[in-house]
Amino acid sequence: MWTAVLFGVFLLLIALTLVLGLFAAARPSPGLRRVRDLCMIGAGLALLAVIVERAISAEPLLWVIAVVLVALLALVAPRLAKQWRAGN
Amino acid sequence: MSTPTPPPSLVIANASGTVVGQVSVAARVSPVKALATAAKGNLVWVGVSVLVTAAIIYLETFDNNDASKSIKDWEDAARLLSSGQFGEALAAVVPGESDWDFDDRDAFDAFIRKLNMEIEALAAAFEHNASTLREAVSFFNQAVDGMVGLLVPVLIAVIASIALQAFPPTIPLAQAIGIAGMAASVAIVSLTYANIISFFTAVANAIGSNDRYAFTADSRPGWAAVGNDPNIKDITINWVLDASAYKK
């Protein structure tokens, strides 16, 4: 049942990312962007946990998606961190 | 001869070896570069697209095998209990009328009739559980199919909008399509998920916590009143009218 809750958290975070993204596009502010980026990374981690659980318990093919997610987070997170340090 | 374009560039010559034109490689690949820059500038949008796609794939990989196995188990239980197997064996056990015609024979026959009805009721209940699960699986598959049908055009528009980001005049349009498309995708995934979860909770309640549901609502034995729990555990064997006759 925790996977259902975690998937719900993922949906919430991704919706929050979109809303914050809209606000950040309308009124650029570094703080807002950081929260938006954190929401996106949090959503990615939540979905990763859910997918890894399903991959272990039932569907080994989902490991492919898990790897894609890890790659996405590994590529995106440092770049976002760089943008933060640059003050964007 | 015109000034050569900066390298890297390709020189086009005719058959006699005269240079008739030049093509700049940098100019040719500039849309691709612009696309890469657009992707870098919209890391969060790219991330959200990948996450939504992964979520769709996750919902698509519902474990049909496990559900099918569960359905088969319920069906097997129903088949083994019903007249085909257990019922037939029970009928073969009962002695013939001529072999046993004491006073207690009527009581024994009544007991066997009730037992048969209870077994049939159980088999019907198992069959009911199997069909509830079958409905759940087909509901889930329809929900996910509907979701994918709705999402494919939206996601195509979003992917197209990433290409539009590469050209300055279309950037605002691309951003509008991207944001609207992602919002629609998230809304569709969320609605489908809520739909599936509420339906599965109902099914789980029907089968799991309320284990009397199947017996009282759908498959009571013939002699039990409608809506009553037939209390299947309390089978009383009272056909031994003269208990002392069996004691030494």
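**Group meeting: α2(B) and its helix neighbours**

Okay, let's start with a pair of helices: α1 of chain A, residues 2–26, and α2(B) have axes that come within 11 Å and cross at roughly 155°. That makes α1(A) roughly antiparallel to α2(B), a label used for angles over 145 degrees. Axes here are lines fitted to C-alpha atoms, for helices over the stretch in contact, with angles running from 0 to 180 degrees between N-to-C directions. Helices themselves are DSSP runs of H or I with at least four residues, numbered from the N terminus.

Before I go on, this is a predicted model, where local features need pLDDT of at least 70 and side-chain atom pairs count only at pLDDT 80 or more, while totals for chains, interfaces and linings use all residues. Residues are numbered from 1 along each chain as its sequence is written, and chains are lettered from A in the order in which they are written.

Back to that pair. The crossing of α1(A) and α2(B) is left-handed, as in the near helix being turned anticlockwise from the far one by less than a right angle. Which residues of α1(A) meet α2(B)? They are A:Phe10, A:Ile14, A:Thr17, A:Leu18 and A:Gly21, facing B:Val44, B:Val48, B:Leu51, B:Val52 and B:Ala55. Contact means C-beta atoms, placed from the backbone, within 7 Å. For the classes, Ala, Val, Leu, Ile, Met, Phe, Trp, Tyr, Cys and Pro are nonpolar, Asp, Glu, Lys and Arg are charged, and the others, Gly among them, are polar.

Next, α3(A), residues 62–85. Its axis and that of α2(B) come within 11 Å and cross at roughly 165°, so α3(A) and α2(B) are roughly antiparallel to each other. This crossing of α3(A) and α2(B) is left-handed. On the α3(A) side you'll find, among others, A:Leu62, A:Ile65, A:Arg79 and A:Leu80, and on α2(B) the residues include B:Leu43, B:Gly47 and B:Tyr58. The contact of α3(A) with α2(B) has 12 nonpolar, 1 polar and 1 charged residues.

Zooming out to the chains: 23 residues of chain B are in contact with 31 residues of chain A. On the chain B side, α2 (43–60) and α6 (171–209) each supply at least two residues, and α2(B) gives the most, with 11. That side divides into 17 nonpolar, 4 polar and 2 charged residues.

Now within chain B. α2(B) and α5(B) pack at about 160°, axes 11 Å apart, so α2(B) and α5(B) are roughly antiparallel. B:Ser49, B:Ile56, B:Leu59 and B:Glu60 of α2(B) meet B:Val144, B:Val148, B:Leu151 and B:Val158 of α5(B).

One last look at α5(B). This helix, residues 104–164, has 61 residues and reaches 90 Å from first C-alpha to last, close to the 90 Å expected at 1.5 Å a residue; that expected span is 1.5 Å times one less than the number of residues. Where does α5(B) bend? At B:Leu151, by about 30°, with B:Pro153 following within four residues. The bend is the angle between axes fitted to the seven residues ending there and the seven starting there.

How values were computed. Two residues are in contact if their C-beta atoms, placed from the backbone, lie within 7 Å. Angles under 35 degrees count as roughly parallel, over 145 as roughly antiparallel, 65 to 115 as roughly perpendicular and the rest as oblique.
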